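User: I'd like to go through the labels on this one and check each against its definition. Can you take me through them?

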Amino acid sequence: MSYLSALTARLGLSFAVILGVATLVFFLIHLIPGDPVLVALGEYGSSADYAGMRARLGLDRPLLAQWIAFLGGVVRLDLGTSLASGAPVAGLLGDCFTMTLVLAGASLAIAIATGIPLGIAAAVRRGGLWDRCSSAVAVAAMSLPNFVLGPLLILVFAVSLRWVPVSGAEDAGSLILPALTLGLSMAALLARMTRAALVEVLQEPFIVAARARGLAESRVVLRHALATASLPILTAIGLQLGALLGGAVVTEAVFDWPGLGQLLIDAIYRRDYPVVQGGVLLIASVYVLVNTLIDLMYLAIDPRIAQGRRAG
Amino acid sequence: MNKAAGAVCLLWLGLGLAAPLFDSAAVMIDLGRILEAPRVANWCGQDDLGRSVAARLFVGARLSLGIACGVVLTSAVLGTLIGAVAGWFGGIPDLLIGRVVEVFLAFPGILLAIALAGLMGPGAGNVTLALVAVGWVGFARLARAQVLALRQREHLMVARALGTPLPRQLARHVLPLMAGPLLVEATFALAAVIVAEAGLSFLGLGVQPPAPSWGAMIRDGMRYLLIAPHLVLVPCIALMSLVLAVNALADGLRERLAPSLRHG
């Protein structure tokens, strides 16, 4: 397979997946047992309210027409208007998305800055005390859900030590705890992936050759081994971005961080269906796009993949 | 390590099974003992309505384990069936199922469960449904890969040549060989579902009060973090111990039953 056809095949797959995701999100509102409009209006809605809301949600039209209209809206980035505020959903999402990006970016930075060096240290001294300790800590950190780690961090750093605010997003310090909450479990996973990838590469003949040529050990590990191990590490980061986006929803709820997750949960409480649909669609699409980008980077980095062989 | 993990799992299972003994204590309001701190005779203290945190923890263990077992069993059966169909028949069914799996995998973490549970409304049944909607995918992928590999084995070719009916082929010659990896996957899934259920409850989308879910206990305790941290600490420690133990158990099972899954 040539580079170009590999590229088109990958992009086509992503497009199909996003189309499927949009369809599933569209059907969310139809999957709710009972009448979504009745549920949203509660007991006090009049029949005029009922008819009006059905029309606003487009539920009075045939299912196929609704579906086509929804997909058409997605293409034009028109996700309807919020039932609660009447504002366009796309605008609401855009405002909150920036905050989520800030949080996710900070967490990713923490994860990369701590996870990769720790993984390298563990791989170089494999089986040593440091390796065994860090792998035990990593397992524990990965089992720690965000809504457990978050309150524990608040208890230590905000309540006892008073170094940072408990919640909100008013000053710069308030980013620290949510970013740590979200970043630490990813750091643990990244450390383990880095270790596993490096341990494998360090046994390759070309590493022995590099050592035999008398290169400094740091140069062997950082330039020769790490460069080769970067593909699996990159995969781990890509897969973890999903956990990061999903975890952001919960973390934002812990810290009252005004991002997409908070918007989504509020919309669920208010039965604001268009906002729920838009939020879920946006998060899932970002995840698909990021993973597509990473696959495309592979194609650029490793020509074997375009020929249909996976890099080991 | 494995024995300790097994002991912790058994402990929580026992406490969960013994939950009926604590049902009345878990809802008994004692306004004289509001937010009472833990002490030697009462390790877990009392909550914001003076209810026993320990009793609520045990009743919560039943809820958490009950939902998690229900979700894992349902997703395992459903996912294995779907994945086995894809792997066995290949062709168009495989292609269709593969695309559907891709779409479900596009929702990071418990996002889909949050949306489903949120829109369907709270309650144990809806939470179970929402988590099954996310959970079947892992089993489907595993079953597909396993069936695909097993189909080529000699003993199955012999069975086919002898004219063994398909259901018998699957039940006698495929399923027993898949059981190990499936059990490992199910144990890991159990830990993940316990976390996910607590997460939904934490967001207020799970089982509703007065039923004491661990996630809801953490959420409610957050309001008293400054004056009564035990309300958050106790359920957090309970959840961590259970999840760590189940994960360690799954790790041990994997070493024994399916070492090939280590990088999967």
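This is a predicted model: local features need pLDDT of at least 70, side-chain atom pairs count only at pLDDT 80 or more; totals for chains, interfaces and linings use all residues.

User: What makes Asp256(A) buried, exposed or partly exposed?

Analyst: Asp256(A) has 13 C-beta neighbours inside 10 Å, so it counts as partly exposed. The cut-offs: 20 or more other C-beta atoms within 10 Å of a residue's own is buried, 12 or fewer is exposed, and in between is partly exposed, with C-beta atoms placed from the backbone. Asp256(A) sits in the loop between α10 and α11 (260-270) of chain A.

User: Which residues does Asp256(A) contact, leaving aside its neighbours within four places in sequence?

Analyst: Those would be Ser167(A) and Gly168(A). A contact here is a pair of C-beta atoms, placed from the backbone, within 7 Å. Trp130(A) is 126 residues away from Asp256(A) along the chain, and their C-alpha atoms are 36 Å apart.

User: How many helices and strands does each chain have?

Analyst: Chain A comes to 13 helices and 0 strands, while chain B has 10 helices and 0 strands. For burial, 37% of the 312 residues of chain A count as buried, against 50% of the 264 residues in chain B.

User: What is the angle between α9 and α10 of chain A, and how is it defined?

Analyst: Helix α9 (residues 205-212) and helix α10 (residues 217-255) of chain A pack at about 145°, with axes 11 Å apart. Angles run from 0 to 180 degrees between N-to-C directions, and the axes are lines fitted to C-alpha atoms, for helices over the stretch in contact. Phe206(A), Ile207(A), Ala210(A) and Arg211(A) from α9(A) meet Val220(A), His224(A) and Ala225(A) from α10(A). By class, that contact divides into 5 nonpolar, 1 polar and 1 charged. Nonpolar covers Ala, Val, Leu, Ile, Met, Phe, Trp, Tyr, Cys and Pro; charged covers Asp, Glu, Lys and Arg; the others, Gly among them, are polar.

User: Is the crossing of α3(B) and α6(B) left-handed or right-handed?

Analyst: Right-handed. The near helix is turned clockwise from the far one in a right-handed crossing, and anticlockwise by less than a right angle in a left-handed one. The axes of α3 (residues 53-89) and α6 (residues 124-150) of chain B come within 5 Å and cross at roughly 35°. Their contact has 21 nonpolar, 10 polar and 2 charged residues.

User: Which helix of chain B gives the most to the side that touches chain A?

Analyst: α10(B), with 7 residues. The contact takes 33 residues from chain B and 35 residues from chain A. The chain B side divides into 26 nonpolar, 5 polar and 2 charged residues.

User: Where do the domain bounds of chain A fall?

Analyst: Domain 1 is 12-75 and domain 2 is 89-269, with bounds that come from an automatic or database domain assignment. The C-alpha centres of these two domains of chain A lie 37 Å apart.

Notes:
Residues are numbered from 1 along each chain as its sequence is written. Chains are lettered from A and ligands numbered from 1 in the order in which they are written. Helices (H or I, at least four residues) and strands (E, at least two) are DSSP runs, numbered from the N terminus. Two residues are in contact if their C-beta atoms, placed from the backbone, lie within 7 Å.
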